[in-house]
Amino acid sequence: MTEARSPKLHTEREGTGGTPRPVEALALSRSYTLGDGSELAILQGVDLAIESGEAVAIVGASGSGKSTLLHLLGALDQPTSGEIRVGGRSLTGRSSQELARLRNRFVGFVFQFHHLLREFTSVENVMLPGLIDGRPRGEMRERARELLEAVGLGERLEHRPGQLSGGEQQRVAVARALANDPVVLLADEPSGNLDTRTSEALHDLLFQIREQRNLSLVLVTHNRELASRADRTLLLREGSLEPTEISREDTWSATTADRETP
Ligand SMILES: Nc1ncnc2c1ncn2[C@@H]1O[C@H](COP(=O)(O)OP(=O)(O)OP(=O)(O)O)[C@@H](O)[C@H]1O
Ligand SMILES: [Mg+2]
């Protein structure tokens with residue numbers, strides 16, 4: 001249905017044979033050119049393969065490049081070198097318009113701050129990704145209603161973000177991220193602004209959604225409780241990823257605020 005409107009994407013999706021991985025990164029590097037002309041290398045050869053339905057937590061000290069990596073995976077930024085594949089489609093060599101379309105269609109984002117549109121109600125915010133993808137308004141309104149009910153906000157459909165609590169705003173953001181049935185949900189400190197109890201409710205929701213939809217989750221977090229729920233945890237250090245265990249002596253949180261309330 002959706003695919004029929006994007007013949008090119010449709011062909012690519014079917015062309016691969018077998019189910020492509022939701023997200024893959026190969027030898028990914030990202031550096032920034034500073035004002036004085038020097039290069040600041042942030043990611044230096046990151047390899048990552050996320051399986052369908054898998055939940056992966058990415059941890060690391062502040063400034064290690066976690067958000068940079070997530071933005072690359074979600075086509076919000078482009079690598080200096082290396083390749084990213086989303087749902088089997090390479091992002092290399094795409095126009096910004098194509099990247100925007102792929103992002104909207106295949107990736108759901110949840111950020112630390114909800115980034116909802118203040119003038120719009122919950123339903124309207126959740127409808128937007130579908131409308132951008134060219135879906136009929138009536139269909140999207142119905143889908144938005146269902147998604148908001150699924151995240152426990154059936155009674156807050158017509159509220160604007162300013163009329164919702166922080167946890168409710170994040171739940172609207174989760175519903176919006178699911179609007180186009182993405183292959184992966186990328187979350188950057190999704191509970192970073194929430195108290196412990198509200199955080200745990202949001203984490204429950206993310207993992208419930210993962211179960212129900214076999215959705216892949218990539219979770220960037222300083223929150224030990226969230227990281228411990230993932231199938232595996234990767235530590236971003238000195239520009240690359242390495243497997244790690246969550247323990248009380250985590251070095252990755254030592255230099256950062258561990259935003260859990262006591
Ligand atoms: N546009 C830019 N130009 C130069 N340096 C940048 C730019 N954007 C990010 N950086 C640098 O890249 C590094 C990684 O930033 P990033 O936001 O990915 O860190 P992070 O791991 O998400 O940190 P935090 O846990 O604090 O959110 C930082 O040192 C930052 O200063
Ligand atoms: Mg960050």
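## Ground rules

Residues are numbered from 1 along each chain as its sequence is written, while chains are lettered from A and ligands numbered from 1 in the order in which they are written. Because the model is predicted, local features need pLDDT of at least 70 and side-chain atom pairs count only at pLDDT 80 or more, whereas totals for chains, interfaces and linings use all residues.

## The chain at a glance

The chain holds eight helices and ten strands; these are DSSP runs numbered from the N terminus, with helices being H or I of at least four residues and strands E of at least two. Of its 262 residues, 41% count as buried, a term for residues with 20 or more other C-beta atoms within 10 Å of their own, the C-beta atoms being placed from the backbone (exposed is 12 or fewer, partly exposed in between).

Contacts here join residues whose C-beta atoms, placed from the backbone, lie within 7 Å. Among contacts with a separation of 6 or more, 70% come from residues 24 or more positions apart.

## Around ligand 1

Let's visit the ligand. Twelve residues surround ligand 1, the closest being Tyr32, Ser62, Lys66, Ser67 and Thr68; a residue is near a molecule when its C-beta atom, placed from the backbone, lies within 6 Å of it. By class, this shell has three nonpolar, eight polar and one charged residues, where Ala, Val, Leu, Ile, Met, Phe, Trp, Tyr, Cys and Pro are nonpolar, Asp, Glu, Lys and Arg are charged, and the others, Gly among them, are polar.

Both β2 (39-50) and α2 (66-73) supply at least two residues of the shell, and α2 gives the largest share, three residues. Helix α2 is largely enclosed by the rest of the structure, because six of its eight residues are buried: Lys66, Thr68, Leu69, Leu70, Leu72 and Leu73. Just after α2, Ala75 has a positive phi of about 60 degrees.

## The six-stranded sheet

An open sheet of six strands runs in the order β6-β7-β8-β3-β9-β10, with mixed pairing; strands pair if DSSP finds at least two bridges between them. At the edges are β6 (107-110) and β10 (240-244), each with a single partner strand, so one side of each has no neighbour in the sheet. From one strand to the next, the twist averages 25 degrees. Axes are lines fitted to C-alpha atoms, for helices over the stretch in contact, and angles run from 0 to 180 degrees between N-to-C directions.

Four bridges join β6 to the parallel strand β7 (residues 184-188), with Gly108 partnered by Leu185 in β7. Helix α6 (residues 166-177) packs on the sheet, touching β6 and β7, and its direction makes about 170 degrees with that of β6. Helix α2 lies across β3 (55-59), β7, β8 (216-220) and β9 (232-237), at about 150 degrees to β8.

## The β1 pairings

Nine bridges join β1 (residues 23-33) to the antiparallel strand β2, and Ala25 stands opposite Leu48. These two strands form a hairpin with five residues between them, and Gly37 in the turn has a positive phi of about 90 degrees. Five bridges also link β1 to β4 (residues 81-86), again antiparallel, with Val23 and Val86 as bridge partners.

## The core

The largest nonpolar core has 62 residues; Ile58, Leu73, Val86, Val126, Leu186, Val218 and Leu219 touch the most other members. Such a core is a set of buried Ala, Val, Leu, Ile, Met, Phe, Trp, Tyr and Cys residues joined through C-beta atoms within 7 Å. Neighbours within four places in sequence aside, Leu73 contacts Val23, Ala25, Ile84, Leu186 and Val218.

How values were computed: Contact = placed C-beta atoms within 7 Å.
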